[in-house]
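Trainee: I have a model open and want to learn how to read it. Where do we begin?

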There are 2 protein chains.
Amino acid sequence: MTDELTDRVTVDFEPLGRRARVARGATLLEAARQAGVGLNAVCGGAGTCGTCRVRVVSGQVSPPTAAEQESLAEGFRLACQACALDDVRVDVPPASITAPQRAQIEGRERPVELDPAVHSFDVAPDPPSLTDLRADATRLREALEEQHGVTVNRCDHGALCQLPALLREHGWNARLVIRDGEVIAVAPAGTSPLGLAVDIGTTKVAAYLVDLESGETLAAAGVMNPQIAYGEDVMARIAYAMDGEDQARELQRVLAEGLNDLACKLCAQAERDSVEIVEAVLVGNTCMHHLVLGLPVEQLGLAPYVAALAYPYDVKAQELGLRFAPGAYVHLLPNIAGFVGADHVSMLLAAGIHETGEVAVGLDIGTNTEISLAANGRLLSCSCASGPAFEGAHIRDGMRAAPGAVEWVRLADGRVEYQTIDDAPPVGICGSGVLDAVAELRKIGVIKPNGAMNPDGHPRVRGTGAHTEFVLVPAGERGALRDVVVTRKDVNEIQLAKAAIRAGVDVLLEEAGLEEQQIERVVVAGAFGTYLDVGSAVAVGMFPSLPRERFVQVGNAAGIGAKLVLMSRRARTMTQDIARRVEYVELTTHPHFVEVYTMALMLP
Amino acid sequence: MTDELTDRVTVDFEPLGRRARVARGATLLEAARQAGVGLNAVCGGAGTCGTCRVRVVSGQVSPPTAAEQESLAEGFRLACQACALDDVRVDVPPASITAPQRAQIEGRERPVELDPAVHSFDVAPDPPSLTDLRADATRLREALEEQHGVTVNRCDHGALCQLPALLREHGWNARLVIRDGEVIAVAPAGTSPLGLAVDIGTTKVAAYLVDLESGETLAAAGVMNPQIAYGEDVMARIAYAMDGEDQARELQRVLAEGLNDLACKLCAQAERDSVEIVEAVLVGNTCMHHLVLGLPVEQLGLAPYVAALAYPYDVKAQELGLRFAPGAYVHLLPNIAGFVGADHVSMLLAAGIHETGEVAVGLDIGTNTEISLAANGRLLSCSCASGPAFEGAHIRDGMRAAPGAVEWVRLADGRVEYQTIDDAPPVGICGSGVLDAVAELRKIGVIKPNGAMNPDGHPRVRGTGAHTEFVLVPAGERGALRDVVVTRKDVNEIQLAKAAIRAGVDVLLEEAGLEEQQIERVVVAGAFGTYLDVGSAVAVGMFPSLPRERFVQVGNAAGIGAKLVLMSRRARTMTQDIARRVEYVELTTHPHFVEVYTMALMLP
């Protein structure tokens, strides 16, 4: 008996204790996806990023491919390359796991007058009788008009289907939730409607549950974007979606399910139910925006990178597979361009840089970094491909901001000082740590302005030429299982990333006819932007050389902006004004970009 | 091995050649549903109607229940009672099958100016470029405004998802279908949009496929309502739906799937695709209206019989499980009351009795008969429980209007003349046949005014007292396998049915202060209403005794009305006026109803 059903093998993932049954020959990455193990896969399974490293403990797997030579030297296989030929047991190192990770849900709030898109009313119609045969919907509509002076002209179909039983079970009393003349939900009288604000990052998702009657934030949480398993950056996900309709649908589905899980978790914390969520506001970059809507993303991956949809959008949650109230709407903020998305609009709303009259820069640092410059009544925006180095990718010992990641480094008087997240034994180095390390190594002269390492600059430097590296943590120190190093190549990655950001700022300044010293405020948003050391960022030349007090780190401004838009229709209108006002500057075709970028590659 | 999976048996249905695998112990009716065999089940499987008779050819079934005694005498089992204990082969007699049956799709058309709720435009936007980065949706919206002066403010989500690929595959040319400011479908340029009008009867479904650009009817067809397998009349279906949420959902689902199949069939005839259907109009009685929408029907089965929804309703086809264009809408006409539904409004629209200034009666005869009286600017309506006798149910040898049914009877000079549908060997008798038989038997004195049979009135009369019966077709004649008889009890069923209808007419006349001779026109709609002999209907007292020329048989007026509403927004508005104008008269609580009804039971 060798039919398809029986030709399956078991893959066990340790120390997680997860198991998958897969077809013989499936990759370990496919098995991990099936088992719900969040393996890193920056390149989407192409074998190029080396982030899905696992150790095969027992069982037979396929011979190593060319892509695995580097990992093999350290005893690892790449899960995207190795195929299970028999029952296999693999060990997953912490650095390869996408979760847990430090979540970023806090941010600077700004006060807002509560005026959400939905309003709700308790209504008590007369029960029907032989002399009053009005249909339930008519009865309720008329009671709403008599008792509250509110006119509705539509009822969501799902809400309508729940109406007759609800009215009869609760003695002809009900709470109606109304949005723009439509009844979108029915509930027992007295139930306050819930709202959900979500910032869908390429890597992380942050969500806030809000009571739309009191304006109170009932719960907040951050999780990994479950699409991580299908490619870590936007381009890898676009490539995956382009593999076919099923793949595109799967990307949408896993994200929607992730949002459902997150909503359930938040509601459980608040002792509520996710079917009480009547309105959600989602923000994300243009690709996340399209993926959560199930819109095609191919055109976002090809010049001229146009969005399918840019204007503000309302869609029933149900259409996206979100299990909220039957008629709940999801509102998406406008996108500005293919790479400046609704999340940047949301960040601008929360940071308010366009309102103060100051010359101000707003940055949201991520794999793509969006930058806006407010000056003289103008609002200029661009997007730069800063890459995933600050997320720990493409860095030899890089990892995300998870326990054991070196997040802070100081080199002084020959000493090497560092901190790890949660004070856990050092495992690798995350974005803020590698930025610090480069800044400090430059400061003590181990790194030269062009990024090359001086082999004699420090006792911890080893190797030569392109293979020079600095041992930040020697194996054994504080429980480290292996050396944690910063390589010459890592320095180059940081140079590429910081140069992209700096070039973006400089091109915007040029467009506005300003000098960097005229910048009065720099608002830095996003998770990496919260944890980075501004001094180090200035030291490597990522940020303009301005006094420390001109910088503000605002946390998850995109998420906070989403919450504002959830709570206030005025804020919603403001995002449309912002999107309309923005002058988008395309860097790739800008005449001075290459020149400015090349300059910015140097370490001051 | 006796796990659940293996404890299954096979049930074969002959001569249909259909097979089901069911759990051992399942009823033959359950097996028939699974096999897609449309068995009659008037009572919804309660064992009381005797319409699901089958002959067990081989295999072991459960012992007969008390409910089966009558059928057993003729060698039949009731499929709802007999359980398959082993592999079973059963023979299904034609009278137990719901299809094929004479469909009723024709009707008197009235001219209408084409002005549907949807309009469509070919649009050719400029392709995007590095200097024109507008999002696809913005680009199209602006092109629509520039090229046609049409403004839209929403786009259906499914249509939006199709947009980017469609534009790129067809060289930035597209047909947009627009409804009330919303883009509901996108298609290659030049595609004419399709509309579907459907009359959902309790028993039959009639549908019309219309080209909404030319107004041409491309195809029409009638099929059985697939819910028949769950109970033949409205009350049986309500009872089934009340068994639980799954049952209610199943009733909705089978109907929606039936409509999908019908739409596919019509589109195939017209060499089109059902995803090109952008608008549908559904009419039905209040229960069918609620069932197709998935609305609860419990409250329709209990006094005071109020509808969940009465006002005109637009809902996305997708919400009902209808696979038309992604953003296609379904429009439902208003209901008047729990038992006077959208189909009657549609019939009134098509027949136009409220417009002429004449004193006119409109009847739609079915299991429930809706009656309207237009007089002196008023429009009075009522519903009467005429029962399923005219559908052949509760009649000893009754059957639907299918091949082999006696549909016409004349008794003169001692001869018995009759016609069967399709001239097939006589199998039973359908509504028009039994009405004729009763009228003729009364005319020659075999039946007395109270419905009793005179045992000596005719050589074909046999039995005595309550068991008297008239042999309409002796076994062997023209290939009949058994006698086809009209029993004393059958006569009583016809008396109950016709009295209900006549009492409805008389109560409405009384409410309007009119005498029957003042009626200038009687419009008779519906399938039975088309095939019945008006002379016989007058003879038994079902209709007022008026000259033949005052009667008009208009065919499927409800279906024609649905088509009018599909093609014309003006007609749509008129249905709202009709529903608003109707004064509903509740017969069950009317002070004179019982008296009038009792009088009407007599045969003149």
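Mentor: Begin with one helix. In helix 7 of chain A, the buried residues are Thr286(A), Cys287(A), Met288(A), His289(A), His290(A), Leu291(A), Val292(A) and Leu293(A). That is eight of eight, so helix 7 of chain A is mostly covered; buried here means under 20% relative accessible area. Keep in mind that this is a predicted model.

Trainee: Which residue caps the N-terminal end of helix 7 of chain A?

Mentor: Asn285(A) does. A side-chain oxygen of Asn285(A) lies 3.1 Å from the backbone nitrogen of Cys287(A). After the helix comes Gly294(A), with a positive phi near 75 degrees.

Trainee: Now chain B. How many residues of helix 8 of chain B are buried?

Mentor: Start with the general idea. An α-helix has 3.6 residues a turn, so residues three or four places apart point the same way. Now the case here. Ten of the ten residues of helix 8 of chain B are buried, so the helix is largely enclosed by the rest of the structure. Among them are Asp343(B), His344(B) and Ser346(B). Gly352(B), just after the helix, takes a positive phi of about 65 degrees.

Trainee: Take Ser346(B). What is it in contact with, beyond its neighbours within four places in sequence?

Mentor: Ser346(B) lies in helix 8, residues 342–351. Its relative accessible area is 0%. Leaving those neighbours aside, Ser346(B) is in contact with Val283(B), Leu333(B), Ala557(B), Ala558(B), Gly561(B) and Ala562(B).

Trainee: Next, strands. Which residues of strand 20 of chain B are on the covered face, and which on the uncovered one?

Mentor: In a regular strand the side chains alternate between the two faces of the sheet. In strand 20 of chain B, Val416(B), Tyr418(B) and Thr420(B) form the covered face. Arg415(B), Glu417(B) and Gln419(B) form the uncovered face.

Trainee: In what sense do strand 19 and strand 20 of chain B pair?

Mentor: Antiparallel, over six bridges. Leu411(B) stands opposite Val416(B). The hairpin has two residues between the strands, and Asp413(B) takes a positive phi near 50 degrees there.

Trainee: Which other residues have a positive phi without being glycine?

Mentor: Asn376(A) is one, with phi near 50 degrees. Its place is the loop between strand 17 and strand 18 of chain A. Glu271(B) is another, at about 55 degrees. That residue sits in the loop between helix 6 and strand 13 of chain B. Asn376(A) counts as exposed at 63% relative accessibility, and Glu271(B) counts as exposed at 73%.

Trainee: Where is a cis peptide bond found in chain A?

Mentor: Between Ala303(A) and Pro304(A), with omega about 5 degrees. Pro304(A) is in the loop between helix 7 and strand 14 of chain A. In chain B, a cis peptide bond joins Ala303(B) and Pro304(B), with omega about 5 degrees.

Trainee: Last, the interface. What area is buried between chain B and chain A?

Mentor: The size of an interface is often given as the accessible area lost when the parts come together. Here the area is about 3200 Å², and carbon and sulfur atoms give 66% of it. Leu133(B), His157(B) and Tyr311(B) supply 19% of what chain B buries against chain A, more than any other three residues. Each chain puts 37 residues into the contact.

Trainee: How many salt bridges and polar contacts link the chains?

Mentor: Zero salt bridges. Ten residue pairs are in polar contact across the interface. Helix 4 of chain B gives the most to its side, with five residues. By class, that side of chain B has 23 nonpolar, seven polar and seven charged residues.

Note on methods. Residues are numbered from 1 along each chain as its sequence is written. Chains are lettered from A and ligands numbered from 1 in the order in which they are written. This is a predicted model: local features need pLDDT of at least 70, side-chain atom pairs count only at pLDDT 80 or more; totals for chains, interfaces and linings use all residues. Side-chain values use heavy atoms; hydrogens and water are left out. Buried means under 20% relative accessible area, exposed over 50%, partly exposed in between (1.4 Å probe, protein chains only). Helices (H or I, at least four residues) and strands (E, at least two) are DSSP runs, numbered from the N terminus. Two strands pair if DSSP finds at least two bridges between them. Contact means heavy atoms within 4.5 Å. Buried area is the accessible area (1.4 Å probe) that two parts lose on being put together, summed over both. A salt bridge is a side-chain nitrogen of Lys or Arg within 4 Å of a carboxyl oxygen of Asp or Glu. A polar contact is a pair of N or O atoms within 3.5 Å; within protein, one must be able to donate a hydrogen and the other to accept it, and residues adjacent in sequence count only if both atoms are side-chain atoms. Ala, Val, Leu, Ile, Met, Phe, Trp, Tyr, Cys and Pro count as nonpolar, Asp, Glu, Lys and Arg as charged, and the others, Gly among them, as polar.
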